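Hi,

Here is the structure I promised to pass on to you. Have a look at it first, and then read my notes below.

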Amino acid sequence: MSATEAVHATTVAIGGRAVMLVGSSGSGKSDLALRLIDRGARLVSDDYTELTLGDGILFAAAPRPIAGQMEVRGIGIVDMPHLDEVPVALVVCLDARVERMPEPATCTFAGCAIPAIALSAFEASAPIKIELVMRRIPS
């Protein structure tokens, strides 16, 4: 496998499948990831994620210089256990308008369409909403 695309995203793994948190600086990517990790998710990559397409599956990994590190606002860079080369299952768009009853959506990376949702990162229920969506996505 070779890297095909680097994206501005923080990525965590839930049940061995990657959730990419995509948004502008300050949109809450790391904050939401930290809350998901507190609920049992594992860090894949903070702030930037390398995507690789192999056998029709999109995989997420951390760029080597930042692997196993996470920026926690107000604390700084902390070392954290992480996973590498995790298949991507969901994209969470943190800058998009959140619809009350959204239609199914996807985002395409490296030619691979991935289910996508829009959420507000700072809502207390955001981690739970992500877990609910992940349960609906077939393995």
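The largest pocket holds about 600 Å³ of space. Keep in mind as you read that this is a predicted model.

Sorted by class, the lining of the largest pocket has 15 nonpolar residues and 7 charged ones, with no polar residues.

Now for the second largest pocket, which has a volume of about 330 Å³. Its lining is made of 15 residues, and Lys29, Ser30, Asp31, Glu71 and Arg73 are the ones that lie nearest the centre. Helix H1 (29-38) and strand S7 (69-72) each supply at least two residues of the lining of the second largest pocket. H1 gives the largest share, 4 residues. What is the lining of the second largest pocket like by class? There are 3 nonpolar, 6 polar and 6 charged residues in it.

**A serine to look at**

Next, zoom in on Ser27. You'll find Ser27 in the loop that runs between strand S3 (17-22) and helix H1 (29-38). Is Ser27 buried or exposed? Ser27 has a relative accessibility of 10%, and buried means under 20%, so Ser27 counts as buried. Further along the sequence, Ser27 touches Leu94, Asp95, Ala121 and Phe122.

**The cysteines**

How many disulfides does a search of the whole structure find? The search finds 0. Take Cys93, which is in no disulfide: the nearest cysteine sulfur belongs to Cys107 and is 4.0 Å away, while a disulfide needs the two sulfur atoms within 2.5 Å. Cys93 counts as buried because its relative accessibility is 18%.

Cys112 is in no disulfide either, and here the nearest cysteine sulfur, again that of Cys107, is 12 Å away. With a relative accessibility of 14%, Cys112 counts as buried too.

That's what I have for you. Happy browsing!

Conventions
Residues are numbered from 1 along each chain as its sequence is written. This is a predicted model: local features need pLDDT of at least 70, side-chain atom pairs count only at pLDDT 80 or more; totals for chains, interfaces and linings use all residues. Side-chain values use heavy atoms; hydrogens and water are left out. Buried means under 20% relative accessible area, exposed over 50%, partly exposed in between (1.4 Å probe, protein chains only). Contact means heavy atoms within 4.5 Å. On a 1 Å grid over the protein atoms alone, a cavity is a set of points where a 1.4 Å probe fits but cannot get out, and a pocket is an open set with protein on both sides within 12 Å along at least five of seven lines; lining residues have an atom within 4 Å of a point. Grid points are joined across faces, edges and corners, and a volume is the space filled by probe spheres set on the points. Ala, Val, Leu, Ile, Met, Phe, Trp, Tyr, Cys and Pro count as nonpolar, Asp, Glu, Lys and Arg as charged, and the others, Gly among them, as polar. Lists of a residue's contacts leave out its neighbours within four places in sequence.
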